[in-house]
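Welcome, and thanks for taking a look at this one. Please load the model below and keep it open while you read.

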Amino acid sequence: MEEAVTKKFVHEDSSHIIALCSSIEVCLSHLLKRRTAGFLRSDKIAALFTKIGKVNTTASEICRKVQEQLQQQAEITRTQSTRQESLQRQGSSAARAPQPLSVQAIKHIWVRTALFDKVLDKIVQYIVDNASKYYEKEALMHDAVFGPILAALLVGPCALEYTKLKTLDHFWTDPSANELVQRHRIHGAHRGQEVSPGRRPALGIRKRQSSGSMSEDKCAASAREYVESLHQNSRVHLLYGKNNVLVQPKKDMEVLRGYLSLHQTAETLTLKWTPNQLINGTLGECDLEKSIYWDYALTVPLRQIVCIHCHQLDCGGTLVLVSQDGIQRPPLHFPPGGHLLAFLSCLETGLMPRGQLEPPLWSQKGKGKVFPKLRKRNSSARLVDQDGVVEEQIAADYVFRIVYPGHHHGDMMEMQGFGGSPLSWQQGECTSHMSSCLSCSTGGSNASVECNGCFPSVSSIPLKMLCQNMKRQIVSRAFYGWLAYCRHLSTVRTHLSALVNHNIVPPDKPCEASGGLSKDVWSKYQKDCKNYKELELLRLVYYGGVEHEIRKEVWPFLLGHYKFGMDKKDMAQIDEKITARYQQVMREWKACEVIVKQREKEMQSAIFAKLSSGSSIDSHVLRLIHRDSTISNEVSRKLCLKSTPTLTTVVTPAMLAPDERPLVEFDSPDSGLPSSRNYSVASGHSQIMSSIDDGQSMEEDTTPTGDKLCKGTRFHKSGQLFYQCAFEQIELLDTVALNLHRIDKDVQRCDRNYYFFTTSNLEKLRNIMCSYVWEHLEIGYVQGMCDLLAPLMVILDDECLAYSCFTQLMKRMSQNFPTGGAMDTHFANMRSLIQILDSELFELMHQNGDYTHFYFCYRWFLLDFKRELLYEDVFAVWEVIWVAPRISSKHFVLFIALALVEVYRDIILDNNMDFTDIIKFFNEMAERHDVQHILQIARELVHKVQTLIENK
């Protein structure tokens with residue numbers, strides 16, 4: 001099921017399929033009758049399916065398909081043993097030769113075929129319904145509980161889709177986590193270093209390049225895809241293309257030749273210039289991706305361009321693009337031959353119908369588009385001949401504006417980054433002729449160009465005002481950018497200030513702490529506690545951990561069992577107190593366990609008696625049998641076991657019929673079952689009390705067990721309190737039975753592969769867990785608690801000490817379980833952190849299915865990363881989490897989770913992972929992380945947020 005979710009398909013040759021089929025065959029083969037196996041005792045599954053196929057049509061169809069597959073495999077085996085000619089004849093007779101099955105597939109072919117045909121659950125259900133014909137009474141399939149459960153569990157696998165498709169490049173298209181990490185290590189060595197941070201910390205981990213550089217395009221596509229995009233394709237229309245266009249990227253560089261192209265999509269118009277070195281094929285594929293020429297390539301969206309300066313020269317033409325912020329792009333030098341005019345003509349065509357050039361190009365018969373004929377005037381004096389005719393020269397320089405007629409001029413300029421209207425660029429009469437061209441002054445000349453009909457004006461005034469306006473806009477944009485940063489920083493402080501401590505504890509003052517808490521330092525502390533402050537010891541643990549040999553002594557201090565500064569006498573008193581308390585709790589729940597087991601034994605006896613007599617079983621008994629799957633810890637939450645209850649309606653013995661007074665019944669009196677619904681109050685109470693203390697009377701019962709069983713009430717001869725306590729006892733016994741059953745299941749499967757957990761240590765683990773749950777029945781046992789207790793048992797190796805430390809640990813961890821509300825807080829804080837510290841990764845998560853809910857971190861927070869790390873690494877991470885509230889942050893687990901994501905951020909971004917991909921990746925990477933590197937990144941992230949808040 002997990003493979004189907006994470007990989008979106010299940011392959012028929014998957015190892016999970018083989019494991020599932022093997023497990024099902026073990027269940028089906030358990031205590032199979034000899035006459036059912038018949039002559040095929042070596043293959044019991046085949047005999048079982050063959051026998052069922054005689055009376056069941058579904059199984060009969062599976063038998064037919066299996067026989068066909070076996071015959072095909074035999075034919076393939078014979079064919080492979082002959083020569084090549086025979087193989088060719090076999091291929092010509094069939095459209096497609098069947099592929100041979102693996103050895104494991106043939107071994108489990110019966111169950112495997114039924115599973116792929118999605119009928120395995122129906123066949124198993126038929127076997128369960130007719131188990132008496134094929135199995136012994138003690139068989140698993142004959143059991144009234146386990147047989148139906150197995151059939152129900154197979155419904156899910158039978159609903160999946162299975163495929164034979166596995167392409168030759170499946171290791172590339174659907175790689176494992178190990179493959180992704182290996183690729184990242186190979187390619188990561190060639191990547192450039194990060195941009196060094198400035199004095200003021202940025203709000204994002206990565207800085208983006210400007211829109212004019214090629215670095216942004218590299219993030220979206222590979223180098224080869226970019227070069228291919230320069231040509232005509234189905235997505236982008238190529239309007240213009242010209243090679244050998246010269247560009248000088250920097251002043252101290254030589255001029256580079258490149259390919260200039262103009263591309264149009266449905267919404268955008270983009271200008272690109274690419275150096276010839278990137279497209280002439282002289283560089284290899286690896287050298288192409290890391291070539292320095294990518295820094296010189298240009299990608300300019302025309303929406304960002306306001307003005308275009310054109311200069312006509314004898315050697316060609318030069319074009320300069322001016323963007324919204326007044327910054328000029330590197331000049332583009334066209335070769336001679338009218339290429340500049342051809343480019344402007346294609347540009348004007350691409351801008352229509354939304355935009356246009358102002359002034360527009362003129363159309364001339366026989367020549368097509370031409371530059372507008374403008375008069376060039378001398379700014380100092382107008383040369384007039386005797387007839388009054390002005391001496392004219394044809395203008396060689398032009399300034400074109402890109403305008404969008406659908407927008408108002410003022411609004412358009414506001415959008416493009418200029419605060420004022422273009423009417424402020426000129427004064428006097430020229431303000432009424434904005435459709436005329438603007439002047440272009442180059443080389444410091446005093447000449448100005450104006451259209452026919454423009455009134456003469458002094459050219460220096462509009463140029464001076466234009467410069468002043470641009471200067472004001474640049475200063476204004478800088479100011480408002482700084483103001484927006486400050487406001488955003490204030491918001492960041494508001495949201496993140498509660499996640500970290502404001503006091504920064506450095507790792508090198510008063511001494512270097514990277515060595516951690518060593519054995520020598522700890523021995524000096526034990527000899528003289530006054531020489532070492534508690535904060536200094538915690539600082540050593542935070543930055544360097546604890547030496548393994550002294551963890552058993554240090555952990556009780558870190559968890560709060562002992563207080564720093566205690567002498568051995570005080571520690572011994574605490575140990576004695578905890579031991580006495582633990583033994584008392586053990587006696588209490590063990591006494592209750594005796595009653596629970598007795599009830600279950602009587603219930604089973606009554607059920608077997610009913611079955612043997614042929615009577616039907618009451619519905620409430622079935623619910624009790626399956627109570628682990630139907631009763632949740634809501635029962636515990638509904639019971640307020642430590643408060644005195646109130647009953648709205650109290651039933652006294654006098655109100656009951658004479659034959660109903662001895663029993664508290666919820667169903668018919670003739671059920672005959674000693675369940676919690678038909679249980680003797682007097683006998684039940686006497687059993688409980690006698691198990692705890694036979695010498696105590698009912699009216700003087702003051703032990704904790706008596707208080708818990710009766711919730712602070714005492715037995716009196718009056719019927720109200722008698723039946724009130726009886727109801728509470730029944731609810732209590734049901735709750736205890738449920739929790740004991742859950743604990744037993746989890747203890748048996750808790751870290752079975754770790755050497756420490758032998759039978760005796762598992763028994764200690766169960767004792768501690770039952771004792772804790774007995775004291776916290778309002779919470780009850782929740783899956784995962786054993787995972788939190790197991791590392792404490794490994795290090796402390798003392799039952800009473802582990803019980804006390806686990807109780808201290810659960811004060812924080814219990815809030816992560818469903819009864820608490822810390823998990824939602826963790827998710828919200830995680831969202832805020834990654835949104836501020838790594839906005840690029842947050843955008844990817846938001847786009848790919850929006851998994852910014854961070855549910856893939858649930859197991860991390862629930863168990864403090866216990867299942868993600870090796871045992872030795874769990875010890876190192878836990879002790880840092882325990883001391884972090886005093887050193888850096890009470891929410892250090894958030895920064896470990898963020899560090900775990902940041903370590904693999906490049907892999908996540910490069911592979912564009914969605915929610916299922918990231919779950920699959922981290923599941924496969926479990927127990928393979930570099931913990932010291934992750935802790936170092938987590939500490940750096942905490943320091944980054946602390947510095948961000950202080951604004952140093």
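Which residue caps the N-terminal end of H34? Asp798 does, with a side-chain oxygen 3.3 Å from the backbone nitrogen of Cys800. Please keep in mind that this is a predicted model.

Helix H34 covers residues 799-813. Its 15 residues should span 21 Å at 1.5 Å a residue, and the end C-alpha atoms are 20 Å apart, which agrees.

Is H34 enclosed or open to the outside? Eleven of the 15 residues are buried, so H34 is largely enclosed by the rest of the structure. Among the buried residues are Cys800, Leu801, Ala802 and Tyr803 towards one end of the list, and Leu809, Met810 and Met813 towards the other. The cover over the buried residues of H34 includes H24 (551-559), H25 (568-613), H32 (759-775), H33 (785-796), H37 (858-863) and H38 (871-887).

## Strand pairing around E3

Strand E3 (residues 237-247) pairs with strand E4 (residues 256-264) in the antiparallel sense, over eight bridges. To find your way along this pair, look for Val245, which stands opposite Gly258 in E4.

E3 also pairs in the antiparallel sense with strand E9 (residues 332-334), this time over two bridges. Here Val247 stands opposite Leu332 in E9.

## Aromatic pairs

A pair of aromatic rings is described by the distance of the centres and the angle of the planes. The count of aromatic pairs in this model comes to 36. Take Phe116 and Tyr162: their ring centres are 5.1 Å apart and their planes stand at 45°, so the pair is tilted. Phe116 lies in helix H8 (residues 109-116) and Tyr162 in strand E2 (residues 162-163), so the pair ties together parts that are 46 residues apart in sequence. Phe116 counts as buried at 17% relative accessibility, and Tyr162 counts as buried at 15%.

Tyr904 and Phe922 give an edge-to-face pair, because their planes are at 80°, with the ring centres 6.0 Å apart. This pair links distant parts of the chain, 18 residues apart: Tyr904 is in the loop between H39 (892-903) and H40 (905-910), while Phe922 is in H41 (residues 915-924). Both Tyr904 and Phe922 are buried. Elsewhere, ring pairs link Trp555, Tyr754, Tyr755, Phe756, Phe757, Tyr871, Phe875, Trp878 and Trp882 into a cluster.

## Charges over rings

Which residue lies over the face of Tyr404? Arg303 does, at 4.2 Å from the ring centre. The charged end of Arg939 sits over the ring of Tyr542, 5.9 Å from its centre.

## Backbone features to check

Most residues other than glycine have a negative phi, and most peptide bonds are trans. Here are some places in this model that depart from that pattern.

The peptide bond from Glu358 to Pro359 is cis, with omega near 0°. Pro359 lies in the loop between strand E10 (356-358) and strand E11 (362-364). Lys509 and Pro510 are also joined by a cis peptide bond, with omega about 0°, and Pro510 is found in the loop between H21 (460-496) and H22. Leu31 is not a glycine, yet has a positive phi of about 55°. Leu31 is in the loop between H2 (15-29) and H3 (34-37) and is partly exposed, with a relative accessible area of 37%. Asp751 has a positive phi near 50° and lies in the loop between H31 (719-748) and H32.

Is Asp520 buried or exposed? Asp520 is exposed, with a relative accessible area of 54%, and its place is in helix H22 (residues 519-527). The C-alpha atoms of Asp520 and Glu547 are separated by 10.0 Å, and the two residues are 27 residues apart along the chain.

Technical notes: Residues are numbered from 1 along each chain as its sequence is written. This is a predicted model: local features need pLDDT of at least 70, side-chain atom pairs count only at pLDDT 80 or more; totals for chains, interfaces and linings use all residues. Side-chain values use heavy atoms; hydrogens and water are left out. Two strands pair if DSSP finds at least two bridges between them. Helices (H or I, at least four residues) and strands (E, at least two) are DSSP runs, numbered from the N terminus. The expected span of a helix is 1.5 Å times one less than its number of residues. Buried means under 20% relative accessible area, exposed over 50%, partly exposed in between (1.4 Å probe, protein chains only). Contact means heavy atoms within 4.5 Å. A polar contact is a pair of N or O atoms within 3.5 Å; within protein, one must be able to donate a hydrogen and the other to accept it, and residues adjacent in sequence count only if both atoms are side-chain atoms. Rings of Phe, Tyr and Trp (its six-membered ring) pair if their centres lie within 6.5 Å; planes under 30 degrees apart count as stacked, over 60 as edge-to-face and the rest as tilted. A charge sits over a ring if NZ of Lys or CZ of Arg is within 6 Å of the ring centre and within 35 degrees of the ring normal.
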